[in-house]
Amino acid sequence: MISIERALQTLIYLATLIGVAPLFLSLDLFTQIIFILAFSGGIVCDRRRRHWLTPLPATLFTFLFFFVYLLQISRVNLALPVANLLVLLLSVRLISEKQGRHVLQIFVLTTFGLAASTLLSLSPLFLFYLI
């Protein structure tokens with residue numbers, strides 16, 4: 001029988017893949033690499049039940065990513081820096097400890113990432129990913 005924790009972890013990573021997939025090719029190379037490392041590292045951390053990122057470094061990385069991409073935002077270039085920031089925040093959340101509110105943050109960041117993909121291209125596949 002499958003445990004509730006294992007089912008929730010599977011749901012987290014499937015939702016993350018679905019939310020980032022339409023956005024992935026539009027992201028910066030740095031963000032793509034960080035996401036792939038965080039996704040695979042998050043799976044390893046969840047299986048071993050030891051997380052690489054404690055709360056203080058996670059907060060520091062979040063502020064660092066926020067300020068780096070805040071400097072890139074302008075009236076002309078708004079969607080791409082915000083999409084990169086959402087994926088980086090999601091990456092930080094994937095490799096840190098996942099309590100109840102962290103799981104909800106992952107789902108919200110994934111949904112916003114999916115919504116940000118519509119700002120970059122209006123593909124009819126959006127409805128499929130959303131469902």
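How do the rings of F66 and F67 meet? Their centres lie 5.6 Å apart and their planes stand at 70°, so this pair is edge-to-face; the angle is over the 60 degrees that this class requires.

How many aromatic pairs does the structure hold? There are seven. One of them joins Y13 and F39, whose ring centres are 5.2 Å apart with 90° between the planes, again an edge-to-face arrangement. Y13 belongs to helix α1, residues 4-20, and F39 to helix α2, residues 29-48, so this contact ties together parts that are 26 residues apart in sequence. Are Y13 and F39 buried or exposed? Both Y13 and F39 are buried. Ring pairs also connect these two residues with F24 and F35, giving a cluster of Y13, F24, F35 and F39.

Let me turn to the loops. Between α1 and α2 we find L25. With a relative accessible area of 78%, L25 is exposed, since the cut-off for that term is over 50%. From L25 to A115 the separation is 90 residues in sequence, while their C-alpha atoms are 15 Å apart in space.

The loop between α2 and α3, the latter spanning 55-70, contains R49. R49 counts as exposed, at 62% relative accessibility.

Next, helix α4, which covers residues 79-95. This helix has 17 residues and reaches 25 Å from its first C-alpha to its last, close to the 24 Å expected at 1.5 Å a residue. Is α4 mostly covered or mostly uncovered? It is mostly covered, as 13 of its 17 residues are buried.

I close with confidence. The average pLDDT of the chain is 87, and 97% of the residues score at least 70. Which element has the lowest mean pLDDT, and which the highest? Helix α6, residues 125-130, has the lowest, at 70, whereas α2 has the highest, at 92. Where pLDDT is low, the predicted coordinates should not be read in detail. Thank you for your attention.

Methods: Residues are numbered from 1 along each chain as its sequence is written. This is a predicted model: local features need pLDDT of at least 70, side-chain atom pairs count only at pLDDT 80 or more; totals for chains, interfaces and linings use all residues. Side-chain values use heavy atoms; hydrogens and water are left out. Helices (H or I, at least four residues) and strands (E, at least two) are DSSP runs, numbered from the N terminus. The expected span of a helix is 1.5 Å times one less than its number of residues. Buried means under 20% relative accessible area, exposed over 50%, partly exposed in between (1.4 Å probe, protein chains only). Rings of Phe, Tyr and Trp (its six-membered ring) pair if their centres lie within 6.5 Å; planes under 30 degrees apart count as stacked, over 60 as edge-to-face and the rest as tilted. pLDDT is the predictor's confidence in each residue, from 0 to 100.
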